Each structure stands twice: as structure tokens, then as C-alpha cells.
Amino acid sequence: MFTEHSPFLNEGVPPRTKVAIGIALVATFMCALQVTAMLCGFRGPLERLISDYVGTPAGFTVPWAALVVALVAVPREYRLPIAGAALGLDVVFVVGREYVGLPAAMGSGALVVLTGLGVFALTRWTGPQRDTALKGVATGLLLVLATKAGDAWLAITSLTRPTVLDEFAVRADVALGQPSWVMGQLVQHHSVLYFVLHWVYLELSAAATVVAIYQLRNVTTGGRWPRHFVVRTFLVLGLVGPLIYLMFPLVGPTYAFGSAGGGFQVGDFWPALLPPVDGTAVPIAFDTSTPRNCMPSLHTAWALAVFIHSRSGPRWLRVGGTCWLVGTLAATLGFGFHYGVDLVVGAALCLAVESALREPVRPAPHARLRLIAGGVALIVGLMLCVRYLSEWMAHYPIMFGLLIIGAFATLAYGFYGTFFARVESVSPGFVDPASTHDATRPFTPSAQDQPGS
């Protein structure tokens, strides 16, 4: 989680020991989730992983994104044969599933080849070539494991939180203009927009993969592995965000106030009618199958991470990152999956995590600590307001709306001023927070490395 110059890192620990500790922690966490799943009666992450290998994979995007990230870290002459082998194996799996009567799904070939690539690199390659390839394979596998752990955690939220706080959220959202109802009206009545936003929402990992490929493009040609890149932010957000689900369980407007509630909804309001907000908010009893995964909006956090990391790329990458962020925000609201306050908390979480992961900026080493503290304060403060001051937020929407927007704008401006404004006014001793260069040496970014280029 921390950079190699972080004060929280024990630089005396050998690299192999760090790797062993990391593997042990991941294995322990996955096994603990699997045991919990077996005790609670749902499919655990290891079962889901085995199904992706030899059964019916949950989807093809994540396994193929993981393989593509790993391929960037292997020599160029190996990439096309490896990708061809994965595609051919995927076709074989599809034919085999069709033969035995299983659904036709792709993804197993990419996962099998990714694992085989790790074994091949470990046993056949040596030196920097092996180390770089293994880092790529490990990064890809972590993406796959994170999705399996996330699926299991969502089941845990629905089983351990029998009530949800959506009535509090819908009242608090009056301060932001009830954006889910506004976007819901727009999206639900335009089929083309619905299709585009649905694709953007589901394929967020593809956008992250494109940004990761750009950031890792030089690792096999003499460049060092980046100290910080978008995949690290994705993984940390996926670890921290779900913990908040348990603290503030929400199911979203389309479930709590729409037809998707399965009989547990307050009423059939979303997106046509605004629900009444003049009464006293109370926790709502809900089913044991709908995940409580609204607060924070991790789709917003991940899309903002893609946007931030695309800033150091060429114009086409910056435009893509911007479009994906806008499309994701519109989709999360337009499909009724989130409230406006969820998006603010998700964005604040992203900025706090990014500030923690990025290299300290000279000559202001304490700037990122202030950003982390500010992000945490905004997250905790807004959640407390939603829980205990939602009626006030509904009665005084302009005041609370300005406070929320102003607080986040201050955090965003501080983040920009700390990590990006310094790049645009390059000084001779500036060090790029996410560069692959030695932080002890002066570095002047090239034109394509500057966010404003």
C-alpha cells in the first residue's frame, strides 16, 4: 500500500520476505472469507474462483483485463502467442460447456493462461525479466481475487445488516437536489443513453486496464516498475470501501423506493415520483439477498481514480478518462443504484486513498497527510449528518448543499494543488509523485507527462 520511501515501510525487510508476507495475508483473508461463506450458506470466493477455472466464469472482462495487464510486463515477442493461446483455450471451454449443457461463457482461458504464465516465468526466466513478469502476473491475479472477495463480502453485508438506512439518505439527498430522481427520469426514457451508460457502468475495469497499460508501457524496456499506478488504487479502494458498507447499509433508490425492492420497498416512487420527506426517518427491514453496497459509491471512486491517472497521459487518454467518469456518475444515479451523498463519499474516499498512495511531494511533505485527514473528516462528517441530521438537511437544503459541495471542492482543490499544479509549473527539483524515477534525483517531466499537455 505504501511507496518505498514511505515512513510506514520497514526498508530493512528483504523483498522476498515482503512477497511471502503479502501472499500469506491474501491467502489467510481468502480462506477466512471462504469459511465464513460455508458457515453462512453462500458461495465463497474460492468456490467462485474454481468455477472461473473449470466451471462457468462470472464474466470475461476481469480475467481478460488481468491477463492484458500481465502481458504488458512480459517481452513483446511473447504477447501475441500468449493472447492467442488464451483465446483458443477460451473457445475450447465454450465448446465444452455447450456440449455438457452449461451456459456459454468466456474467461476461463485467460485465467488458465495467466496462471500458466506465472509458473512459466517462475521456472524458466531469470533476473529482471522474471521479476517484471511475476509482478505483472501477481497484479492480474490480485484483480481476479479482489472481485471474488468482493462478491463474497456483498453477500455478507446482506446477511449481517437486516435493516437499511435509505430513508435517511433520501432525506439528506434533498440538499443535493435528489440527483438520482433527476437522472433516473432522463435515463429511463432514452433507450440509447440507457444502453451506453449500462455498458460504461459494467466495463469500468476495461477503462482501468487501458490506463494501466499506458502506465506500464515501459516496464519491459529498461523502465522501472511504477511506484504508483491505477491498479493499486483500485485494490485499496476495494479493500477499504466495503468496510463502510457495514457501517452505513444502503440498497439504493431503485430497491428502497422502486419496483426492484421485491416487496420490501417503502413505495414505488423511483424514478417517477419524489418520496415524501416530511416524516421521521427510520431504518427499513430489507431482504437477505440485496447487497448493502451504496455507501460509498465505489464505482464513483474507481471512475475518479481512472480520471486522475489518465491526467498524465496523452490527449486521447485524458478525454477517455473524463468521459468514463461522467458516464459512470450518470449511470450510478440514472439506474437508481446510488444517492448523491454516496457519490460524494466515494469521491472523497478516492482522493484520500490516492493521497496516501502517492509519493510525498517536496517541499511540502505534510500536504498529503492533511489531504488524508481532510478526506476522512469529510467522509465521517457527511455520514454522521446523513444519519443524525437528515431531517435538517431536508428542511435547509441550500445551506447543507453548499456545505457539502464546498467541503468537497476544498478537498479536490487541495489535491490538485498538491499533486498536479506543481507539475504544470515545473521546478528544477520537482519529483513526479507517480514516476518511475528515483525520488532522490531531480526530474523534469516531459511534455507528455504533464497533466496539462
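α16 gives the most to the nonpolar patch, with four residues. This is a predicted model, where local features need pLDDT of at least 70, side-chain atom pairs count only at pLDDT 80 or more, and totals for chains, interfaces and linings use all residues. Residues are numbered from 1 along each chain as its sequence is written, and side-chain values use heavy atoms, without hydrogens or water.

The patch covers about 940 Å² and includes Val376, Leu389, Trp392 and Leu403. Its members have over 30% relative accessible area and no salt bridge, with nonpolar side chains joined within 5 Å. α16 (367–388) and α18 (397–419) each supply at least two residues. Leu389 sits in the loop between α16 and α17 (390–395). At 32% relative accessibility, Leu389 is partly exposed. Buried means under 20%, exposed over 50%, partly exposed in between (1.4 Å probe, protein chains only).

Helices are DSSP runs (H or I, at least four residues). Expected span is 1.5 Å times one less than the number of residues.

| Helix | Residues | Length | End-to-end C-alpha span | Expected span |
|---|---|---|---|---|
| α15 | 340–357 | 18 residues | 26 Å | 26 Å |

In α9, the buried residues are Leu197, Val200 and Tyr201. They cover an arc of only 100° around the axis (directions from axis to C-beta atoms), which puts them on the same side of α9. On the other side, Ser191, Val192, Phe195 and Leu202 are exposed. The buried residues of α9 pack against α8, α10, α13 and α14, with contact meaning heavy atoms within 4.5 Å.

Notes
Patches are made of residues with over 30% relative accessible area and no salt bridge: like charges are joined within 9 Å, nonpolar side chains (Val, Leu, Ile, Met, Phe, Trp, Tyr) within 5 Å. Accessible areas come from the Shrake-Rupley method with a 1.4 Å probe; for residues, only the protein chains shown count as cover. A salt bridge is a side-chain nitrogen of Lys or Arg within 4 Å of a carboxyl oxygen of Asp or Glu.
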